[in-house]
Amino acid sequence: MSTLLRQHAEQLYATELEELKKADTGKQPPNWKLSPQAVVTYILGGKLKNGFEVSPKYIGNRRLIEIAVATLTTDRGLLLYGLPGTAKSWVSEHLAAAISGDSTMIVQGTAGTSEEAIRYGWNYARLLAEGPSEKALVETPVMKAMKDGKIARIEELTRIGSDVQDTLITILSEKTLPVPELSIEVQAVKGFNVIATANNRDKGVNELSGALKRRFNTVILPLPDNIDEEIDIVRRRVQSFEKVMELPAEPPAVAEIKRIVTIFRELRAGVTLDGKTKIKVPTGTLSTAEAISVVNSGMAIAAYFGDGSLKAADLAAGIIGAVVKDPVQDKIVWQEYLETVVKPRDEWKDIYRACRDLGI
């Protein structure tokens, strides 16, 4: 068993990728490890002709994944857009793993991301000692992906300043990266493309320029369509976490996961699942990713400070922490939901008591 806390997708699912490669009879674009059809099977899961089961990495609309994969066979970049917690980064990583066999060529977007992080940098010690040369050039993940014909990933594109974002325009349109200091340019090898992610709930988001938007095809990843789909997503991700962390705890009952997902879906929608009671909406996103985090946290508490069986008391603090982001506004929303929705449900008495015991 690996001692790594988190393996890259191509490491963790190496067996699946190898089986897909052996069974793949589709036409592969230049420098792709798999055909587009096999990439979709890797993302969505399925059974191969030899009986091998490929696990689903994303549960959702098949057509959206087909559009995303088809986009990467063209000269346009792919922008995965949507609310926080809709698996944009997760899908991006797995697409790069399946297509290039390498998901590590990534630029993490922040307000401090500079142009040099996307284009190239310099080894200043060497630059001062020897002057400008290719040996003094520091390759970015984008430059390396261009040279190797692989997928480059840019996370949280809209967190990057607008002037730095536009560094991508020449790369995406001309497929070249000029290095004027050396009077050379890096030309992209076939197979190169860019997957960017962005969400529409960030504060201080930098809008993409019209010129940059035209270089991307945008695929919006939605929240799960129904509660059963969301429960399945949470269950699968929690199982993966439990295996990696080697927690001495029992797998969580689906009923416990269902309660967490129900709470999050009702608070997101501002109405109970039966449509009978309207409720206030908190300031947070209460995404599927946060539901996974709450269950994972509860599993750890149950494993090390309980009897190994996930109970309401193990989940209460995580639920409140996810809901109450604003200590004033969200606290009122949560208390109202607790009293008007949770308390009357006979099968939720334990959740109600556990949350009330925390005094929030």
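Predicted model: local features only at pLDDT ≥ 70, side-chain atom pairs only at ≥ 80, totals over all residues.
1. **Packing of α3 and α4.** Helix α3 spans residues 36–44, and helix α4 spans residues 62–71. The two pack at an angle of about 135 degrees. Their axes lie 10 Å apart. Angles over 145 degrees would count as roughly antiparallel, and 65 to 115 as roughly perpendicular. The pair α3 and α4 is therefore oblique.

2. **Handedness and contact residues.** The crossing of α3 and α4 is right-handed. On the α3 side, the contact is made by Pro36, Val39, Val40, Ile43 and Leu44. Helix α4 brings Arg62, Ile65, Glu66 and Val69.

3. By class, 7 residues in the contact of α3 with α4 are nonpolar. Another 2 are charged, and no polar residue takes part.

4. **The largest pocket.** Its volume is about 1500 Å³. The lining of the largest pocket counts 49 residues. Which of them lie nearest the centre? They are Tyr13, Trp90, Arg236, Arg237 and Ser240.

5. **Where the lining comes from.** Five elements each supply at least two residues of the lining of the largest pocket: α1 (9–12), α5 (88–100), β10 (193–199), α12 (227–245) and α14 (288–305). Helix α12 gives the largest share, with 10 residues.

6. When you look at the pocket in the structure, start from the residues nearest its centre, Trp90 and Arg236 among them.

Conventions
Residues numbered from 1 in each chain as written. Heavy atoms only, no water. Axes fitted to C-alpha atoms, helices over the stretch in contact; angles between N-to-C directions. Helix = DSSP H or I, 4+ residues; strand = E, 2+ residues; numbered from the N terminus. Parallel < 35°, antiparallel > 145°, perpendicular 65-115°, else oblique. Left-handed = near helix turned anticlockwise from the far one by under 90°. Contact = heavy atoms within 4.5 Å. Nonpolar A, V, L, I, M, F, W, Y, C, P; charged D, E, K, R; others polar. 1 Å grid on protein atoms, 1.4 Å probe; cavity = no way out; pocket = protein on both sides within 12 Å on 5 of 7 lines; lining within 4 Å. Points joined across faces, edges and corners; volume = space filled by probe spheres on them.
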